[in-house]
Every structure is written in structure tokens, then in C-alpha cells.
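Me: I have a model open on my screen and would like to learn how to read it. Could you walk me through it, one feature at a time?

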Amino acid sequence: MPTPPSPANDLQDTSGAEKRRSQRLLVRVAVIVIGTDREGKSFGEVTHTMVINAHGALVELKAELLDGQRVLLRNKQSGERQSCRVVWFRKAEQGVNHAGLEFTAAAPHFWQVDFPPDDWDMPMMRAAVLKEFGHPLGAEEIPRPQAQGDEVLIRVEACGVCHSDLHMAKGDWPDVSAKMSWPVTLGHEAVGRVVELGAKVTGIALNQRVGVGWLYSTCGACEHCREGAENVCLQRKVTGIAAPGGYAEFMRVKASHAIPVPENLSALEAAPLFCAGLTVFHALHNAGLKKGQRVAVFGVGGLGHLALQIARLAGAETIAVDVSEAKLVFATKFGAAQAILATDPNSEKLLKEGGGPHLAVVTAPDKSAYDLAIRTLRRRGTLAVVGLPKEDLTFFADDLVVGEFKIIASAVGTRAEMRELLALASAGKIRCEVETCTLEQINEVFEKMKRGQLLGRAVIQFPPK
Ligand SMILES: [Zn+2]
Ligand SMILES: [Zn+2]
């Protein structure tokens, strides 16, 4: 007699050999199974227990299913349908049978299982999927999602590769790791065209080009949302964690958080603005940068070269600091008035010229960049924390007090700031240097990122269909 799978086991595995090492969100719901079994006999409505997460369900049922069989899950409340495949079926000699169903659902409640017509073809898509921390992403075919309720489905044209994705794929951030639903589709710099509208969507049209960033959704009601700081919303949900991200041909996006992209910007140009661009735009805004001030940008990668351009646009005097000479040459093409090699023995002296920077924006994920920034900051200057080193940042209280330094941090940005940034890019005032890659090349891009070999932003380009 087969061993009934336990809810903790993976859907694709009943022996335990491929157990997920991660924590996963499991919700117990009742499922109504309606349809006929494989012999065509109707089994009417039977309530069964079902363990469900964002990527599938483990079902106990009396009906007999077939491995690979296609079924429809129907939401009893909204009537929306979800593609679904029977990944495995185990018939019990006594009692209930078990099946693993593969599907994606944002709000998994009150689903019923229907059997589709014989000629129904389950729509699939390509996606780069993370199945285990620290392992390469696998490009594979997975069921194509459908827009539900207040969501739109976009056909992704381009998705930027953010350093945060690398951290999340490695499981570097325990708080974030705990919220992931497996398998994970990362990517929070996606731009694409709307191909499907959920039943409750208004104000957005089919074929409209939109983008989505880190914020998958915000509550609109907490004190931070009410005060215009939705980027730190207490209920915020993050793209790629709470819902599958843009390393896929299609993705579901909340219509409220899908931001129209001007038609004169290509998807490739626009995608990196949704995290890299917005993060530094918000940091400079948050720091209260004034015309004529000196701004030092530490780390000239995807974020850094955008920060230099935004600071210059604000009338600041810009200084680029990096450990790579190639990146400094690159920085001078993108708005740096001065470029300083961090390893140069004179770097500290050069940075302190004219009293030092009013603002130091550290985008490098490197503690030594922060150390250099604080040593060279102008009195009453501001340090903006953007890059995320693994180590703690440590400063002597004395140093902070003597200089009366301010330290601020930047957590991406708001939708209003995103619209302002897109308008600047659309007017040709900001340009992101892009290195394109395919979905299949994502692991190579991660390797280049680890070695600091990317100039500008890597962006996955999806072939037009
Ligand atoms: Zn990001
Ligand atoms: Zn909120």
C-alpha cells in the first residue's frame, strides 16, 4: 500500500527524497470536487481536505485521477479558473486517495476541481525557477498564470536582474526566505504588455505597456501609506516573494501597482528603472539634495550610474568612487564630474577636497565603501545607505557626533516617484546602460554579478511573440 504523502512533502514527491528545505506557507482549505471519475461516473459534490500553497495543492479525494491529467481549479467565490496539472496520483487500497496538483493562486480559497474538455490545451510558459537556496535557477516550462480579481496578466518583454535577486536566491535574508512560496520565480524589474484583465480591473487597458517593481501591493491604509511613504507599508507584499516575479514570460500584477510605461521608452530601457533607478531616485530625494552640493556615489553599477545622472540633473557636483578603473571610465560617461579609485592611497584626500561631499550615496554592497564614505563626509553631511553588505556597519559615535552626520536609508521608492522617474527617462534625461541576456543565461549573469563584472544593468529580454 502506498504511503500517504504528508502535507510537508513536496507535491512532486511522495517518498521524501525531494523535500523542500525551505519554510513554506501552507493554508488549509476545503475543496469541493465536482466532476466524473476516470470511468465517467459522477461522484457529485464531496468536501475534501486540501493543503495548498502558492504553487500547488495536496488533495485527499475519493475520485481517481491520472498522472499528468489536466484539470481546472475553479474559485467558488469569484468563478475564476486556474490551469492545473495532476503531478502525481496515489490510489489508496482503503480510505481516500491522494493527488498532488500543480497550479498558482494568489488567494487559495474555496477551489473546486473540474475536468476540462478533451481538446483543452493547458497554457504553459518559460520561467527561470529557483527550487533550492544556493542552487542555479532552472529555465523550464510551468503553467501560465491567469489574472485574478484586481490583477492584470502581463506578457513580460524585459526584466532587470537585481543584486537583491542574487541575495534571495542564496537565502541570505532569513526574514525574506521565510516568506517565499516554492518554487520561487524572482524578478522585480519587469516591463510588459497587458494581455489579460481580472474581473475587477478598471483604468488599465489590454495591450497597455506597464511595469512593476519591488512593491507587488501596499495596503493604502497604514500610517506610512497615508503619509506618502508606501514603500515602507506595514502590509507591503513584494514581487517575486509574495507573488511570482518577472523571470517568466507572463506574470500577474496588481492593476493598482502596474505603472504605465511611456511608449517612447523601450522595455529594456524602462525595466531597470523599476528597482535600480527608483531606489537611488528615492535616496537622493530623501536626502534632501540641493543644487550645487557635492554628491559622492560609491559603487558604479546599475544603481550607481543612474544615481550619478539623477544627482547631476538636480544640479549637484558628482563624484564617482569605485574599486574598478573600468567602472570609473564608465562613470564619466554617465555624469560623473570626478572619478576616484577607492584603492588609490590618495582617495581619502581627494574625497575631502572642498570640505568633502554633502551627500555620500553608497550603492556598493561593501562595508569598506561605507567606512571610506563616513571618513570623508562633509560636516553636517548625509550618508545614504543603499548597498547591502553582509557585515554590520560600524561607526564610532565620536565620528558621527563631531561631524554631526546624518544617516538615512532608502527602501526602493513609491509609485509617485516611479512616475516622476519614468517621465525623466521619457524626456531623455536619464539613460540606463543595459547588458541584455536570455532567460537561460540568468545563472551566468549571477556569476558576473558576484564578480562585479557587469557594467550597468543586466536585463533579461524575452523574444517577441
Ligand atoms: Zn531590486
Ligand atoms: Zn500600508
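Predicted model: local features only at pLDDT ≥ 70, side-chain atom pairs only at ≥ 80, totals over all residues.

Reply: Happy to. Residues are numbered from 1 along each chain as its sequence is written, and chains are lettered from A and ligands numbered from 1 in the order in which they are written.

Me: Which strand holds Phe298?

Reply: Phe298 belongs to strand 17.

Me: Is Phe298 buried or exposed?

Reply: The idea is to count neighbours: a residue is buried if 20 or more other C-beta atoms lie within 10 Å of its own, exposed if 12 or fewer, and partly exposed in between, with C-beta atoms placed from the backbone. Phe298 has 31 other C-beta atoms within 10 Å, so it is buried. Across the protein chain, buried residues make up 45% of the 465 residues.

Me: What does Phe298 touch?

Reply: Two residues are in contact if their C-beta atoms, placed from the backbone, lie within 7 Å. Leaving out residues up to four places away in sequence, Phe298 touches Val321, Ala360, Val361, Val362, Thr363, Ala364, Ala369 and Ala373. There is also Asp322, 24 residues apart from Phe298 along the chain, with 6.0 Å between the two C-alpha atoms.

Me: How do I read strand 20?

Reply: In a regular strand the side chains alternate between the two faces of the sheet. In strand 20, Leu359 and Val361 point one way, Ala360 and Val362 point the other way, and all are buried.

Me: Which strands pair with strand 20?

Reply: Two strands pair if DSSP finds at least two bridges between them. Strand 17 (residues 294–298) pairs with strand 20 in the parallel sense over four bridges, and Leu359 of strand 20 is the bridge partner of Val295. Strand 20 and strand 21 also run parallel, joined by four bridges; here Val362 has Val385 of strand 21 as its bridge partner.

Me: Now a helix. How many residues of helix 5 are buried?

Reply: Helix 5 (residues 276–286) has nine of its 11 residues buried, among them Phe281 and His282. The cover over these buried residues includes strand 20 (359–362), strand 21 (382–385) and helix 6 (302–313). Just after helix 5, Gly288 takes a positive phi of about 65°.

Me: How do helix 5 and helix 6 cross?

Reply: Two packed helices are described by the angle between their axes and the distance between the axes. Axes are lines fitted to C-alpha atoms, for helices over the stretch in contact, and angles run from 0 to 180 degrees between N-to-C directions. The axes of helix 5 and helix 6 come within 8 Å and cross at roughly 45°. That angle makes helix 5 oblique to helix 6; angles under 35 degrees count as roughly parallel, over 145 as roughly antiparallel, 65 to 115 as roughly perpendicular and the rest as oblique. Contacting residues include Phe281 of helix 5 and Ile310 of helix 6.

Me: At what angle do helix 1 and helix 12 cross?

Reply: The axes of helix 1 (residues 163–170) and helix 12 (residues 442–450) come within 10 Å and cross at roughly 105°, which makes helix 1 roughly perpendicular to helix 12. His163, Leu166 and Ala169 of helix 1 meet Phe446, Met449 and Lys450 of helix 12.

Notes
Helix = DSSP H or I, 4+ residues; strand = E, 2+ residues; numbered from the N terminus.
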